[in-house]
Amino acid sequence: MDFNLCSRISILKGDIVNVSCDAVVNAANPALAGGGGVDGAIHRAAGPALYEKCREIIKEIGRLETGEAVITPAYEMKGVSWIIHTVGPVWRGGNYREREKLASCYEKSLAIAAEKKLKSVAFPAISTGVYFYPYKEAFDAAFEAVCGFLKKNDFPQKVIFVFYENSAFEYAKKRAAL
Ligand code: AR6
């Protein structure tokens with residue numbers, strides 16, 4: 001990876017709610033109804049106002065389509081100002097445009113961050129939990145999308161990939177050569 005890009009990407013292991021940054025990305029569902037995994041952790045950290053805001057958004061847009069993203073405040077979540085909610089694809093074997101849809105989650109989330117001139121954005125490994133996307137293929141798609149975006153945009157200045165599981169964390173570090 002070239003030096004400039006390298007200095008703009010970090011790979012961490014841990015809980016995304018403990019990362020300090022301008023925005024964290026939530027692996028949401030189309031109803032923005034909260035759930036388990038990252039979504040549950042983010043809703044718990046942000047408090048009930050987030051749930052209310054999500055209801056308002058769904059009233060307006062009906063549902064959040066796979067690969068799309070919306071932004072809300074982070075409410076009570078410490079060290080974070082914004083939450084960007086995106087819906088990853090459910091893995092169905094790889095022939096249902098899963099890669100394209102997963103790349104879109106990263107690109108649309110980053111486009112929102114760029115528009116707001118946010119400095120730092122943290123992503124979980126979208127779709128790799130209950131949506132069953134294999135973690136290696138998921139990181140390959142995510143990394144390509146993020147690098148492509150950062151090359152063309154000055155904001156966000158920094159992207160942080162946050163992994164919960166050691167295998168995914170180790171793979172990402174090796175793959176990104178960080
Ligand atoms: N911090 C960082 N990573 C986490 C955390 C955490 N606190 N918790 C889990 N992970 P998932 P999806 C990892 O299932 O596959 C929800 O119910 C986890 O190990 O959270 O996109 C939504 O409401 C996994 O690698 O998201 C949707 O219905 C990765 O985050 C659905 O799940 C993603 O796992 C979305 O499924």
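User: Which helix gives the most to the shell around the ligand?
Analyst: In this predicted model, helix H2, covering residues 37-46, contributes the most to that shell, with four residues.

User: How many residues surround the ligand in total, and which are the closest?
Analyst: The ligand is surrounded by 22 residues. The closest are Asn29, Asp39, Ser127, Thr128 and Gly129.

User: What is the make-up of that shell by class?
Analyst: The shell around the ligand comprises 10 nonpolar residues, nine polar ones and three charged ones.

User: Which polar backbone atom is 2.8 Å from an oxygen atom of the ligand?
Analyst: One such atom belongs to the backbone of Gly129. Ser127 also has a backbone N or O atom that lies 2.8 Å from an oxygen atom of the ligand.

User: And which side chain has an N or O atom 2.8 Å from a ligand oxygen atom?
Analyst: Glu165 does: an N or O atom in the side chain of Glu165 is 2.8 Å from an oxygen atom of the ligand.

User: How much of the ligand does the protein bury?
Analyst: Taken alone, the ligand exposes 700 Å², and the protein buries 90% of that area.

User: Where does the ligand sit?
Analyst: The ligand is found in the largest pocket. About 690 Å³ of space lies in that pocket.

User: What lines the largest pocket, and which residues lie nearest its centre?
Analyst: The lining consists of 30 residues, and those nearest the centre of the pocket are Gly37, Val38, Ala125, Thr128 and Gly129. Thr128 and Gly129 are also among the residues closest to the ligand.

User: Which element has the largest share of that lining?
Analyst: Helix H2 has the largest share of the pocket lining, with five residues. Strand S6, residues 158-163, supplies at least two residues.

User: How do the lining residues of the pocket divide by class?
Analyst: They divide into 16 nonpolar, 10 polar and four charged residues.

User: Changing topic: how many cavities of 30 Å³ or more are there?
Analyst: The count is one cavity of 30 Å³ or more. The largest cavity holds about 60 Å³ of space.

User: Which residues line the largest cavity?
Analyst: Its lining includes Tyr106, Phe123, Pro124, Tyr135, Phe139, Phe161 and Phe163. Ala125 and Thr128 line the cavity as well, and both are among the residues nearest the centre of the largest pocket.

Notes:
Residues are numbered from 1 along each chain as its sequence is written. This is a predicted model: local features need pLDDT of at least 70, side-chain atom pairs count only at pLDDT 80 or more; totals for chains, interfaces and linings use all residues. Side-chain values use heavy atoms; hydrogens and water are left out. A residue is near a molecule or strand if one of its heavy atoms lies within 4 Å of it. A polar contact is a pair of N or O atoms within 3.5 Å; within protein, one must be able to donate a hydrogen and the other to accept it, and residues adjacent in sequence count only if both atoms are side-chain atoms. Accessible areas come from the Shrake-Rupley method with a 1.4 Å probe; for residues, only the protein chains shown count as cover. On a 1 Å grid over the protein atoms alone, a cavity is a set of points where a 1.4 Å probe fits but cannot get out, and a pocket is an open set with protein on both sides within 12 Å along at least five of seven lines; lining residues have an atom within 4 Å of a point. A molecule sits in a cavity or pocket if more than half of its atoms lie within 2 Å of its grid points. Ala, Val, Leu, Ile, Met, Phe, Trp, Tyr, Cys and Pro count as nonpolar, Asp, Glu, Lys and Arg as charged, and the others, Gly among them, as polar. Grid points are joined across faces, edges and corners, and a volume is the space filled by probe spheres set on the points.
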